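Thanks for asking me to look over this structure with you. Here are my notes, point by point.

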Amino acid sequence: MAKRIYQNGHILTLDSPLPADYLIAEDGKILGTGRGEPPVLSGDVQRIDLHGRALMPAFLDPHSHLSAVAHRQLQLSLSGIGTPDAVLKEISRFLREKQLKKGEWLAASDYEPEGRRLTARELDAVAPENPLVLQYTSGHMGVFNGAALQALGVGADTPSAEGGLIEKGPDGTPTGYMEETDFVTRLKKIPPPDVNKLMDAFDRAQELYFSNGIVLIQEGLAVAELLPLYQALLCAGKLRAEVVAYPGREDFSAYAEAFPRTSDGQNESERKNGPARFPRKGPRGNFRVGGVKLISDGSPQGRTAWLRKPYLDENGRPDPNGYCGYPSVTKEELEETVRFCTERNLQLLVHCNGDRAAQAFIDAQLRFGSPTTRPVMIHAQLLGTDQLDDVRRAGILPSFFVAHVYYWGDVHLSNLGRERAEKISPLRSALNKGIPFTLHQDSPVVFPDMLETVRCAVTRKTKSGKTLGADERIDVLSALRAVTRNAARQYFEEAQTGALRPGMRENLIILSADPLQIPSEKLTDVRVEETIADGITLFRR
């Protein structure tokens with residue numbers, strides 16, 4: 001492969017020194033960067049003229065769900081459709097167009113009810129012969145119709161599980177609404193789509209990430225049912241991305257058996273201090289197991305995140321019953337998972353939205369964990385600034401879902417009040433304490449657009465235009481580092497990617513403009529022009 005010289009643009013190393021005038025690469029590795037004119041090189045040389053555009057490290061996805069993004073390609077999207085009549089009309093249209101067979105499942109995503117939510121009986125009126133589920137955007141709750149409830153074996157005598165809810169009407173029959181453990185476990189029982197259609201959907205899902213400059217994608221909860229699918233994708237050469245999977249503790253052994261542990265590719269520091277890698281396989285992309293995932297609570301916009309203080313009622317006062325949400329796991333299960341990972345030198349990712357859930361994880365990690373495994377607190381929505389010192393002491397890396405400020409900030413003001421809503425995703429406080437953090441979209445909850453997330457971190461504007469927590473805004477450079485350098489650190493990859501320095505992988509993106517040189521509110525106008533992984537172009541506009 002010829003040497004490549006990138007020049008005539010804004011080259012952002014995200015390292016020190018930050019800007020460079022040229023970058024030289026060969027065989028998928030960066031040879032060097034510099035100021036002024038590039039040196040004269042021997043042999044074949046390819047000169048890439050950036051024409052004033054920006055070059056920077058490719059984005060790394062700190063948390064999302066690749067398989068769910070793929071499934072969304074096959075589902076009915078209800079984005080922007082929330083009124084009961086409009087939702088029912090859209091379902092009817094979809095059924096007519098797709099001509100689903102009797103008994104064939106229909107999944108609809110991005111459900112955000114406006115006013116009241118639909119019931120199973122209402123859904124039965126438009127889909128009497130097809131099991132149907134409406135999944136909320138958060139993925140933590142949804143509504144099933146009667147055919148779906150029957151197919152799943154849910155009836156009046158079915159109790160709610162611990163950490164979940166099966167809502168029932170005055171007559172004791174299920175309304176169709178479920179949340180948390182009850183909803184997620186039922187989703188797993190829905191028959192998968194045709195494997196060929198699903199493989200094509202994975203192609204489209206990966207292309208979506210590549211078009212947004214992302215070269216490493218997370219499978220944020222790798223259930224056992226996904227294992228044969230990923231093996232088939234690898235065998236068929238359909239996996240183009242670098243994918244890191246985190247199964248739950250109950251499914252970890254299956255993944256560990258399918259992808260045995262290895263120390264290949266690790267340096268001495270990683271062998272001593274970091275989790276052992278799993279082998280990369282496949283003729284094009286690669287797949288590895290990164291550790292274990294645990295969900296400890298729910299969703300703040302859905303009022304199921306576990307809080308230290310009650311939610312507000314419709315009058316803006318603390319809930320009269322003291323409702324604070326609830327945990328999805330017991331204290332014993334959380335502590336046992338921390339011990340399980342520590343004993344096996346595995347990284348642990350724990351979903352914590354509420355500050356009470358965050359405290360439970362912090363306490364368990366301080367008591368039973370090890371900072372060397374770089375445990376990650378996923379979402380960390382309501383992580384309190386008073387908890388940050390213990391986060392640092394425990395070695396926990398927060399991965400903030402800061403886009404919540406834009407998408408649900410106005411809802412959080414209603415659910416939590418201004419004082420608490422202002423402190424959602426406390427980025428500046430974490431930065432001031434020297435805590436390395438990452439930013440994510442939790443796709444498919446939010447489109448995998450890193451530049452939009454950077455804008456959210458910098459402006460902290462809600463959909464209605466309110467500024468939510470001006471004191472927690474950060475600068476563009478810190479936000480970019482959170483989705484490159486810090487993300488690489490989260491994956492124990494900081495010696496290989498996340499910055500532009502000699503010896504690192506040629507993982508690059510070319511942007512239409514320099515994000516450090518434009519107004520922050522214009523960040524989402526910047527386009528990814530090209531995405532490069534190990535010197536190979538994965539996407540070009």
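**Notes on the sheet, a pocket, the cysteines and one arginine**

1. Let's begin with a sheet: it is open, has four strands in the order S6-S13-S14-S15, and its pairing is parallel. Strand S6 (59-60) and strand S15 (286-289) are at the edges with a single partner strand each, so one side of each has no neighbour in the sheet. Strands here are DSSP runs of E with at least two residues, helices are runs of H or I with at least four, and both are numbered from the N terminus. Two strands pair if DSSP finds at least two bridges between them.

2. A word on the model before we go on. This is a predicted model, in which local features need pLDDT of at least 70 and side-chain atom pairs count only at pLDDT 80 or more, while totals for chains, interfaces and linings use all residues. Residues are numbered from 1 along each chain as its sequence is written, and side-chain values use heavy atoms, with hydrogens and water left out.

3. Back to the sheet: strand S14 (residues 242-245) runs parallel to S15 and is joined to it by four bridges. For example, Glu242 has Asn286 in S15 as its bridge partner.

4. Now look at the second largest pocket, with a volume of about 930 Å³. A pocket is an open set of points on a 1 Å grid over the protein atoms alone, where a 1.4 Å probe fits, with protein on both sides within 12 Å along at least five of seven lines; lining residues have an atom within 4 Å of a point. The volume is the space filled by probe spheres set on the points, which are joined across faces, edges and corners. Of the 36 lining residues, Glu112, Pro113, Thr137, Gln301 and Trp408 lie nearest the centre of this pocket. H13 gives the most to the lining, with six residues.

5. Cys352 is buried at 0% relative accessibility, whereas Cys235 is exposed at 72%. Buried means under 20% relative accessible area, exposed over 50%, and partly exposed in between (1.4 Å probe, protein chains only).

6. Finally, find Arg374 in the loop between helix H11 (355-368) and strand S18 (376-379). Arg374 is buried, with a relative accessible area of 15%. Leaving aside neighbours within four places in sequence, Arg374 is in contact (heavy atoms within 4.5 Å) with Gln347, Gly395, Leu397, Arg489, Phe492 and Glu494.
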